[in-house]
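Open the structure in your viewer and keep the selection tool at hand. Each stop below tells you what to pick and what you will find there.

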Amino acid sequence: MKTENQLLDSAMAWGADYFGIADLSPVQNVILEQGGAEIAEYPRSISIGIALFHPIVNRLSRHIERAAAVSYRSHCYDIINERLDQIVSRLASVLQRLGHKAFPVPASKRVDDDKICAIFSHKLSAHLAGLGWIGKNCLLITPDMGPRVRWATVLTDAPLKAKGRPIEERCGDCRECVNICPVSAFTGQAFRSGEPRSARFDAGKCDRYFSKMKEKDAETAICGLCLSSCPYGKH
Ligand code: SF4
Ligand code: SF4
């Protein structure tokens, strides 16, 4: 069996809903700037996604109730992140056993408090793998589940075939996520490859909003309105 198929079958058997392989060469500079030379040395990435649960996402609102917040944090964040981390760790072990370098990137770990970002953009990898487009909310929008998917990535030097092609942006005139954000964190500008995230999103506004919510009540500090409002994936 080809390595790509073996990895796909394993990921699906371990609970992934989405799987894609990306060629990272067109965005090497962006990766270098975000994660440094050690991260930018990998030519391929494997994106793994797990879909969120509609009944839980649909309960997100500006005045979120405690029970809804607890459900979201547990089953749409902590547990799904843990499941993703397990899958990318196991895939990385498979690749390493086959003699390749493999670097599992955690599902949700901020490493830069100034830029408010992780070591690598899962969304960029999933976009290049053909799994969706980057929406005006700076999330990866899949055609079927919209932004209701969480992501993790394995970086590798294995010569895997990247079959997917980036999906063209399909937001059109929609501004649901831009208008609903309580702190106007989005500019409404569409994603353009190579442009910094700051052209579209003031991550500091979102972060400060979240910190304020946390000060009031850590249990109910959840927003996600830019995710739940997207018509793609809304049921
Ligand atoms: S999570 Fe909330 S505050 Fe942050 S960008 Fe989305 S809508 Fe705005
Ligand atoms: S809510 Fe509309 S503008 Fe925002 S990401 Fe979804 S489709 Fe795009």
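Predicted model: local features only at pLDDT ≥ 70, side-chain atom pairs only at ≥ 80, totals over all residues.

Select β1, β2, β6 and β3. These four strands form an open sheet in that order, with antiparallel pairing. Strands of a sheet pair through backbone hydrogen bonds. Now colour the edges: β1 (18–23) and β3 (102–105) each pair on one side only. On average, neighbouring strands here are turned by 20 degrees against each other, direction ignored.

**Two strands in the sheet.** Pick residues 44–51 and 149–156. These are β2 and β6, antiparallel and joined by eight bridges. Click Gly49: Trp151 in β6 stands opposite.

**The helices.** Select residues 3–13. This is helix α1, which packs on the sheet and touches β1 and β2. Its direction makes about 145 degrees with that of β1. Next, take residues 66–97, helix α5. Helix α5 lies across β2, β3 and β6, at about 20 degrees to β6.

**The core.** Which residues touch the most other members of the largest nonpolar core? Show Ile48, Val88, Leu91 and Val154; the core has 60 residues. Its largest share, 10 residues, comes from α5. Zoom in on Ile48. Leaving out residues up to four places away in sequence, Ile48 touches Ala11, Tyr18, Leu84, Val88 and Trp151, among others.

**Ligand 2.** Finish here. Around ligand 2 are 13 residues, and Gly135, Cys171, Cys174, Cys177 and Cys230 come nearest. The shell divides into seven nonpolar, three polar and three charged residues.

How values were computed. Residues numbered from 1 in each chain as written. Chains lettered and ligands numbered in written order. Near = placed C-beta within 6 Å. Nonpolar A, V, L, I, M, F, W, Y, C, P; charged D, E, K, R; others polar. Pairing = 2+ DSSP bridges. Axes fitted to C-alpha atoms, helices over the stretch in contact; angles between N-to-C directions. Contact = placed C-beta atoms within 7 Å. Core = buried A, V, L, I, M, F, W, Y, C linked by C-beta atoms within 7 Å. Buried ≥ 20, exposed ≤ 12 C-beta atoms within 10 Å, placed from the backbone.
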